[in-house]
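Please look over the chain shown below before reading on.

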Amino acid sequence: MKRPLFIILAVIAVFVIVSFVFSSLFAGRSASVTPQGREFGFGGGAPATEAPAAAPAFDSSGNGQVDFFDTGSVQTQERLVIENADLALVVKDPKARMAEINALASELGGYVVSSNLFQSFTSLGREVPEATIVIRVPSERLDEALDRIKEGAVDINYENRSGQDVTNIYIDLQAQLKAKQAAEAKLLEIMDQATRAEDVLAIYLQVQQVQTEIEQLKGQIQFYDESVATSSISVRLIAEEGTQPIEIGPWTPQGAAREAIEDLIRFVQNFVDFLIRFVLLTLPALILIAIPLFLVYLAGRAVYRRVRRSRVEVEEVKSEDVKQ
């Protein structure tokens with residue numbers, strides 16, 4: 001009993017000593033950080049204060065604090081809308097039309113995202129060409145591009161336009177970017193004032209993390225800038241011959257009766273021809289083939305009977321010898 005109790009007490013003592021050592025280390029590190037570093041919040045640029053007011057953020061110049069939520073400094077933000085279009089056209093030559101749309105995208109200051117030319121089959125099993133092309137053009141020229149794409153089309157199967165308002169997302173990303181940039185500037189200022197190597201290393205790692213987040217935010221903002229500046233147009237080009245309906249001619253009983261009589265006459269002719277060929281060709285040929293086969297059969301049967309008869313005679317002689 002004493003030995004297990006001693007082991008338990010030793011384990012508890014080790015845990016107490018380790019906890020005391022770690023507490024001393026963390027207390028010493030927190031005491032070495034400057035008051036500015038303790039007040040600064042690295043998550044979004046707001047200081048860790050107990051005031052219930054709106055969270056302020058440091059100015060990127062490091063000279064003071066700016067309240068991003070001050071209604072007097074907020075400017076009216078223009079609505080940012082991503083506009084796209086999707087349509088299907090019936091044209092005479094999908095390949096030539098796709099080349100025209102390609103040239104149109106370059107003319108309007110846009111570019112081709114993707115294009116594809118392939119073969120499809122109609123309901124009658126006929127192979128016809130078909131194409132798809134996706135382009136991006138400046139948003140302010142979207143209506144002009146759609147009008148010129150639809151020029152000369154035989155028919156328009158469908159046309160869809162969509163818009164996505166990303167104003168709130170864009171403003172939020174801009175606010176996060178300003179906060180991260182302010183945090184980066186303040187961290188660099190704190191790193192310049194730090195004297196201990198371990199403090200400099202810790203702040204440097206935080207600066208790297210903040211800079212990574214800044215680059216990610218810039219990438220997202222650039223994506224929305226490009227999406228708003230240009231509109232996507234997806235066009236499906238269908239060959240005119242692939243949309244032609246199935247045509248059924250008028251019903252004419254006289255023609256059906258005439259065709260039936262003609263078919264009957266052809267059948268009688270073919271049947272008489274068959275009888276003539278069978279009597280004059282097929283039947284004699286079968287007789288010529290059957291005569292040799294029948295002779296072979298008779299010869300084989302005679303040989304078989306002779307062999308069988310000899311076997312019977314031998315067995316009868318043996319049975320008589322056994323009886324004697």
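## Helix pairs, cores and selected residues

Helices H5 and H6 are roughly antiparallel to each other, because angles over 145 degrees count as such and their axes cross at roughly 155 degrees. The model described here is a predicted one, and its chain of 324 residues has 22% of them counted as buried.

**The chain as a whole**

- The secondary structure of the chain comes to seven helices and seven strands, and these elements, when read along the sequence, follow the pattern α-α-β-β-β-α-β-β-α-β-α-α-β-α.

- The crossing in which H5 passes H6 is left-handed, and the contact of H5 with H6 is made up, by class, of 18 nonpolar, six polar and five charged residues.

**The pair H3 and H4**

- The axes of helix H3, residues 94-107, and helix H4, residues 142-150, come within 11 Å of each other and cross at roughly 160 degrees.
- H3 and H4 are therefore roughly antiparallel to each other, and their crossing is right-handed.
- On the H3 side the meeting residues are Arg97, Ile101, Leu104 and Glu107, while on the H4 side they are Ala145, Arg148, Ile149 and Lys150.
- The residues of this contact of H3 with H4 divide into four nonpolar and four charged, with no polar residue among them.

**The nonpolar cores**

- The largest nonpolar core has 20 residues, and those that touch the most other members are Ile135, Ile149, Ile233, Val235 and Leu237.
- Two or more residues of this core come from each of strand E3 (81-91), helix H3, strand E5 (127-138), helix H4 and strand E7 (230-239).
- There is also a second, separate core, which has 18 residues and includes Ala183, Val210, Tyr224 and Val228.
- Leu237, when its neighbours within four places in sequence are left aside, is in contact with Leu89, Val91, Pro94, Arg97, Met98, Ile101, Glu130 and Ala131.

- Not counting residues up to four places away in sequence, Ile149 touches Leu87, Leu89, Arg97, Ile101, Leu104, Ile135, Ile233 and Val235.

- Ile82 lies in strand E3 and is buried, with a relative accessible area of 10%.
- Beyond its neighbours within four places in sequence, Ile82 is in contact with Ser162, Gly163, Gln164, Val166, Tyr224, Ser227 and Val228, and among these partners Tyr224 and Val228 are included in the second core.
- Although Ile82 and Ser232 are 150 residues apart along the chain, their C-alpha atoms are separated by 9.0 Å.
- Ser120 is found in strand E4, which covers residues 111-121, and at 16% relative accessibility Ser120 also counts as buried.
- With neighbours within four places in sequence left aside, Ser120 is in contact with Arg126, Glu127, Val128 and Glu130.
- Ser120 and Ile238 are 118 residues apart in sequence, while in space they are 9.3 Å apart from C-alpha to C-alpha.

Notes
Residues are numbered from 1 along each chain as its sequence is written. This is a predicted model: local features need pLDDT of at least 70, side-chain atom pairs count only at pLDDT 80 or more; totals for chains, interfaces and linings use all residues. Side-chain values use heavy atoms; hydrogens and water are left out. Axes are lines fitted to C-alpha atoms, for helices over the stretch in contact, and angles run from 0 to 180 degrees between N-to-C directions. Helices (H or I, at least four residues) and strands (E, at least two) are DSSP runs, numbered from the N terminus. Angles under 35 degrees count as roughly parallel, over 145 as roughly antiparallel, 65 to 115 as roughly perpendicular and the rest as oblique. A crossing is left-handed if the near helix is turned anticlockwise from the far one by less than a right angle, and right-handed if clockwise. Contact means heavy atoms within 4.5 Å. Ala, Val, Leu, Ile, Met, Phe, Trp, Tyr, Cys and Pro count as nonpolar, Asp, Glu, Lys and Arg as charged, and the others, Gly among them, as polar. A nonpolar core is a set of buried Ala, Val, Leu, Ile, Met, Phe, Trp, Tyr and Cys residues joined through side-chain atoms within 4.5 Å. Buried means under 20% relative accessible area, exposed over 50%, partly exposed in between (1.4 Å probe, protein chains only).
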